[in-house]
Amino acid sequence: MAGGAFDGLRAHAARLSGTPLRKLIETDPARACDFALRVGPLYANFARQRYDRAALDELFALAEAADLPGAMRKLLDGAPVNATEGRAALHTALRSDLSRQAAARDAYVEASEVRVRMRRMIEALEASEITDIVSVGIGGSDLGPRLVVDALSGAARRRFRVHFLSNVDGSAAQRALAGLDPKRTAAILISKTFGTQETLLNGRIVRDWLGDDARVYAVSANVQRAGDFGIAPERILPMWDWVGGRYSLWSAVGFPIALAIGMDAFENLLAGAAEMDGHAQAAPLQQNLPARHALTAVWNRNALGAATQAVLPYDERLKLLPNYLQQLVMESLGKSARLDGAALREQTVPVWWGGAGTDTQHSFFQALHQGTQVVPADFIGVVHGDDPYAENRKALLANLLAQTEALANGSTSDDPHRAYAGNRPSTLILLDALTPQSLGMLIAMYEHSVYLQAVLWGINAFDQFGVELGKQVASRLLPALNGDSEADDPVTRELLARLR
Ligand SMILES: O=P(O)(O)OC[C@H]1O[C@H](O)[C@H](O)[C@@H](O)[C@@H]1O
């Protein structure tokens, strides 16, 4: 969006500044229902956001001006939306056949063929003695599978136990392998580039520990490098340049997911995401859940000036969602240059952080209720659990409702220490149940919201040049740690002397 495009939003925020959330809802109680959207098993209520109908109209006008529906089309059709790297971002083709363009449809067919291979590999592993899988990868090659496996594995013993190894810290490898039997363990090395330091070092540790190449698998867009590492072609599953790492769990990067929950459940996860793709593409702006979520994010960031955003799953199974979303959102939207290279005049991504309720009520919620900063929050709840403790779920849901209400409405007191200002905005997202389908929908909802926020800000959601500099400096400093070279920076030199 051109500079000044958000001035209209700020004018609405100024108009509303004297009207707390409690008042907004009191004067327009129908918003409790009107500001909610449902897509299949997913329900989202935006009534506790600090906008009214007039401000919302301004947001929709902004969405029209930015042509969000057209942008969605471009994504699905494989237009080069990753402009700085001159390529498409076709993660939707990993699960949906919604494109009218041949290249995107070919991508869909190719992805389906890889899933057929993946299914056969899983069947072979199921017929073997293997009981444990170690998944080695980092960033986008780790966070998505880790989240989904943790969320959907359930309490029952499954065919495979799946373990994740990401950190280059050797203690992570030591802990991941502790208690495992190399004869009954297989490893999957997941790396889009197959050039990531952490994954290659950990991959070597695991391969040596296994003592046998035959149980090492790979998922990579660089099949050549995976082969050079010593992995046989029949154990390498491909991915492609047109899938961003943080958007890749739907590809063969999801191999550990399919091993943990079964290939059919993995297909259901993809089907849920495909349902959200269809909704994102077809629903008019006013009913479009990812668009509403993206517009709300822009409202909170650019009209209210919120510098952080909390994500608070009220479900133990979703406790890794904040970690996953930190990469998806902050790597995608942490940019200071517009697509055309010009400097941004508006703020982009806030800091995303969070954790699972109710635990977090007893750690950082004090700051949410009475801190000087207003922190908008996404609360996520699941209506029906799959555990046998119905009373606990009721308590969990009561806490979820109580927190969103208390944050919004606050409470007065003559004692300033006991007063709650309220007026803390939140969105409440409810899943009927946590299933592969509903989780796929939820994740795809966030993916599309992130992309649409990028469109509204005029930035590229699909590059991440910001992570390169630190890697380059680290590779220069590795020999310096051994004493084979010296650092130029005086502070680093001093620190190196302590570390050597
Ligand atoms: O999958 P890989 O090529 O090993 O990359 C793993 C991760 O590392 C990089 O530094 C990027 O910041 C991430 O976007 C990526 O997911």
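Start at the ligand: by class, its shell holds two nonpolar, nine polar and three charged residues (nonpolar means Ala, Val, Leu, Ile, Met, Phe, Trp, Tyr, Cys and Pro; charged means Asp, Glu, Lys and Arg; the others, Gly among them, are polar). Select Gly139, Gly140, Ser191, Thr196 and Gly245, which come nearest of the 14 residues around the ligand (near a molecule means a C-beta atom, placed from the backbone, within 6 Å of it).

Before you click on: this is a predicted model, where local features need pLDDT of at least 70 and side-chain atom pairs count only at pLDDT 80 or more, while totals for chains, interfaces and linings use all residues. Residues are numbered from 1 along each chain as its sequence is written.

**The parallel sheet**

Next, colour the five-stranded open sheet, whose order is β4-β3-β5-β6-β7 with parallel pairing. Strands here are DSSP runs (E, at least two residues), helices are H or I runs of at least four, and both are numbered from the N terminus; a pair needs at least two DSSP bridges. Look at β4 (161-165) and β7 (236-238): each has a single partner strand, so one side of each has no neighbour in the sheet. From one strand to the next, the twist averages 20°. Axes are lines fitted to C-alpha atoms, for helices over the stretch in contact, and angles between N-to-C directions run from 0 to 180 degrees.

Zoom in on β3 (residues 132-136) and β5 (residues 185-190), parallel strands joined by five bridges. Pick Asp132 and you'll find Thr185 of β5 opposite.

**The mixed sheet**

Now go to the open sheet of six strands, ordered β1-β2-β11-β10-β8-β9 with mixed pairing. The edges are β1 (36-39) and β9 (351-354); each has one partner strand, so one side of each is left without a neighbour in the sheet. Ignoring direction, neighbouring strands are turned by 20° against each other on average.

Within this sheet, select β2 (residues 42-45) and β11 (residues 426-433), an antiparallel pair with four bridges. Asn45 sits opposite Leu428 in β11. Contact means two C-beta atoms, placed from the backbone, within 7 Å.

**Helix against helix**

Keep α14 on screen and bring up α7 (residues 143-152): the two pack at about 155°, with axes 9 Å apart. That makes α7 roughly antiparallel to α14 (over 145 degrees; under 35 is roughly parallel, 65 to 115 roughly perpendicular, the rest oblique). For the contact, select Leu143, Gly144 and Leu147 of α7 with Leu321, Asn323, Tyr324 and Gln327 of α14. Those contact residues divide into four nonpolar, three polar and no charged.

Hop over to α1 (residues 7-16) and α4 (residues 53-65), packed at about 170° with axes 10 Å apart. That makes α1 roughly antiparallel to α4. Gly8, Leu9, His12 and Leu16 in α1 meet Ala54, Ala55 and Glu58 in α4; the tally is four nonpolar, two polar and one charged.

Last stop: α12 (residues 263-282) and α17 (residues 436-457), whose axes come within 7 Å and cross at roughly 45°. That makes α12 oblique to α17. Residues to display include Ala265, Leu269 and Met276 in α12, and Leu439, Ile443 and His448 in α17. The contact as a whole has 13 nonpolar, six polar and two charged residues.
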